[in-house]
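Thank you all for coming; please have the sequence and the model open while I talk you through a few of the features.

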Amino acid sequence: MFSKPPEEIPIVADEIQLATEDARAREILSRMTLKEKFQTLTSPGIRRIYSTKPIKRLGIPSFRVTDGPLGVAYHSSGFTKCTRFPATISVAASWNRELARAMGIAMAEEIRSVNRHMLLAPGVNIARTPVNGRTFEYFSEDPYLTKELAIPLIQGVQSKGVGACVKHYAANNQEIDRRSNNSVVDERTLHEIYLRAFREIVREANPWSVMGCYNKVNGVFGCENEYLIREVLMDRWGFKGFVMSDWFATRPIETAEGCINCGLSLEMPWPIRYKQKALMKAFEDAKFTEETLDDLVFRLLRVMFLTGVFEEPSALPQGSRNTAEHQALAQRIAVEGMVLLKNEGDLLPLNLEGLKTVSLTGPNLKKKFGRVLSGGSSAVVAPHEITPLKGMKEKLKGKVEIVSDASKADVAIIFAGLNHSKGMDSESYDRTNLQLPEEQIELINANAKDNPNTIVVLIAGSPIAMDKWIDSVPVVLDAWFPGMESGRAIANILFGDVSPSGKLPITFPQKLADSPAHHSGLPRNYPGDEEKAVHYEEGIFVGYRWFDEKEIAPLFPFGFGLGYTTFAFGDASVLSKTSDSITVNLEIENTGERTGAEVVQVYSHDVQSSVERPPKELVGFEKIVLNPGERKSVPVLIKAKDLMFYDVHSHDWRLEPGEFELQIGNSSRNIFSKITTGI
Ligand code: BGC
C-alpha cells in the first residue's frame, strides 16, 4: 500500500506488569506443541463462539469474551441480565472524561461477575455518514473527541483486570455491504481521520485487544491487512495486545497464512481459515514461520495472564452487576449526555408545581430497548427498564394529571425517534434517510396544532432531519438511547432537577445531501460502486470539517447544546506553554439562576501550513459546573501532537513551525474568543 514508514517509539503504560506476564506467557509457549498453538488461535466451535479452546494438558483455561459497548450483552454472557448503560454516542455527548472512566470501571465489574475476561468494546469508528446503522455504538465524527473519551473508558475497564477490545479496525464506517465493501482512503485521510483515535488509544491506554474489521481497506480485507495490522498497529504504534477478527470477518479471505502473517491471533467465531489441517499445510509449505506463529500465540497468552485467566476464579475480584451504583451511573451518563436542541420561550424546565395536565404520546413512550440482539451485538438486557412513561409517572404522581388529549393538556410531550429495528439504528443496516418515519412527523405536527407547548423528546442514536416539523414545536431534546434508567433521566431533565449539559458529538445536517459522503450523490462515495468500492473522496473533510470548509449551515453544529442557565465568557489568554503543549485560560461565569455545566471547546486552525488544513479542528475541551453567580477560570490543555497533520512525504505526523489560531467557544459554530500563537 503506502511505502515503509519510520518507526515510532511506543508508549507502554504498564510495561512493568507486562514484563511479569511476558515471562509467564513465554514459559507456557515454550511447552506448547505446534498443534496446541494452532488450537489456541480460535474457538472450540459453534457452541462456544465467545471463548477460546482450553488446553488441558498445559492447564490453559478458556479465555472468554463478551459484547459490547453498552455493557454486558445478553447473548454473549450466558443470557445474563446486566446493567444497560446509555449508548456510546450518549457518553460522547456528555464530553465528560470521568464519566467515561466510571462507565469503564462499572462495565468491567459486570464482566467479572459473569466470569468473562474481555469486553468487546469500545467502538471507535468515525461517523463518516450520519446514516451508519452503528452510529449509536460509536463516539463521534471527530477523532479527538473519540479518543479523549475512549482512553479513560478503556483505562477504567482495564484497571479492573478486564481487557478492552477496541473495534472495528479500520475504516468500517457503514453497515451496507459491510462484509464485502472496500473503503478506498488516501494515506493522509486514513491516518488523520480514521486511524487517529486508534493510534492515540494504543499509545495512551494500551488496550489488550483490537478487533479487525469486515471490510477491505484499499483493496485488502481488515483481517489480512498487513499494512494496517503488522506495519501500522504493531510496528509503528507498538501495540502489545492481540488482534481478533470480527465474527466471520475471515470468511472471504483466501488463505490461512494471509491472516497469520498480518498478525491475527484469534479467529472468531470458529475456525474458518484457522482449521488445523489448513494451518498445518500452510506451515509445512513454509507459508509462515513458527516465529510468526509464536508471536501471535504469545500475545494472546500474555493477555490471558493479564486478565487472570490462569488464576483460580475464587482468587479474582468477583465483580458485581446490577448494583444500585451501576444503575445510578447509567442514569447520570444518560442525564449528562442529553442534548437540548431547542427551547423556545424557555418552556423547559417544566415546573411541577405550576403544571396541571400533561399529555404523553409517541412510539417510544412505552418502549423497552433492551431485547435480545435488538440493534445487533450491543444488545444488553437489563433486569428492569424505566420507560419514558414509567419515569414520567413517577415524577408526576400526585401532582400532575396525565391526559390523553393533547389539546386539553398544559404541555404535550411526544417520545419520538428510532428503535433499533432494521434501518432504525441497528447493526447490519444503514438508515435510508435522516427523516423520522412519516407517521411520527404527522403525530408531531398534529400535536403541535393542538398544543403550542409541544415538546419532542428524541430517542435515537444518530442525527435526525427536522425540516418537516421543527418550526411547529418549541422544544426538542435529544436523549439518544439512554439505557435502563432512561425514563427517570428524561424526567429529571424535563423538570429541571439537572440542567442539560450534553453537546453534540456529531453534526446534525439539514439534509443528507449536505453531508460529505452523500454530497455527490454518487454510489462511488456511498454506499459503493459496482465493485463495492467506497471512495472517501471528501478526504479529511469529515463531519464539521466538511460543513466549515464548504460553508454549509448545519441544522445543529458539532459541539452544540443548550442548558437552563446562561454563561458569560471572558477573553481567552495563553496561560502557559511548554515544548509540547499550550494551556489556554478562560474566565467563565454562570450569569443565570440555576446550577449548570458548560463545555469550553478549543478548536485550532493552522494559519501557516504547507498543506490544506480544515478551518477548525477540536484540540481541547473542559467541562465545568458552576453555581449561579459563580465565576471560575478554566484552563484547557492543548497538546502539540493534537495540532499535527499527517505528512504523506515522511509518512509521519508533523508539526510545522508557525502560528495557530486557537478558537474558543461553546460549540463549533459559536466561537467567542480567538488567540493566535505559535508553539
Ligand atoms: C460485530 C462485533 C461484535 C461481534 C461479536 C459482530 O457482528 O460487528 O462488533 O463484537 O459481532 O458479537
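Predicted model: local features only at pLDDT ≥ 70, side-chain atom pairs only at ≥ 80, totals over all residues.

Residues are numbered from 1 along each chain as its sequence is written, and side-chain values use heavy atoms, with hydrogens and water left out.

A nonpolar core here is a set of buried Ala, Val, Leu, Ile, Met, Phe, Trp, Tyr and Cys residues joined through side-chain atoms within 4.5 Å, where buried means under 20% relative accessible area with a 1.4 Å probe, protein chains only. The largest such core has 191 residues, and those with the most contacts inside it are Tyr169, Ile413, Trp469 and Leu494. Its largest share, 10 residues, comes from helix α11, residues 290-306, helices being DSSP runs of H or I with at least four residues and strands runs of E with at least two. A second, separate core of 19 residues includes Val584, Val636, Ile638 and Ile664.

Turning to the helices, Leu99, Ala102 and Met103 are among the residues of α4 that meet α12, contact meaning heavy atoms within 4.5 Å.

Finally, four strands form an open sheet of mixed pairing, in the order β7-β6-β4-β16, and strands pair if DSSP finds at least two bridges between them. β7 and β16 each have a single partner strand, so one side of each is left without a neighbour in the sheet. β4 and β16 pair in the parallel sense over three bridges, with Val534 in β16 as the bridge partner of Ser183.

Definitions and conventions: Buried < 20%, exposed > 50% of the residue type's maximum accessible area, 1.4 Å probe, protein only.
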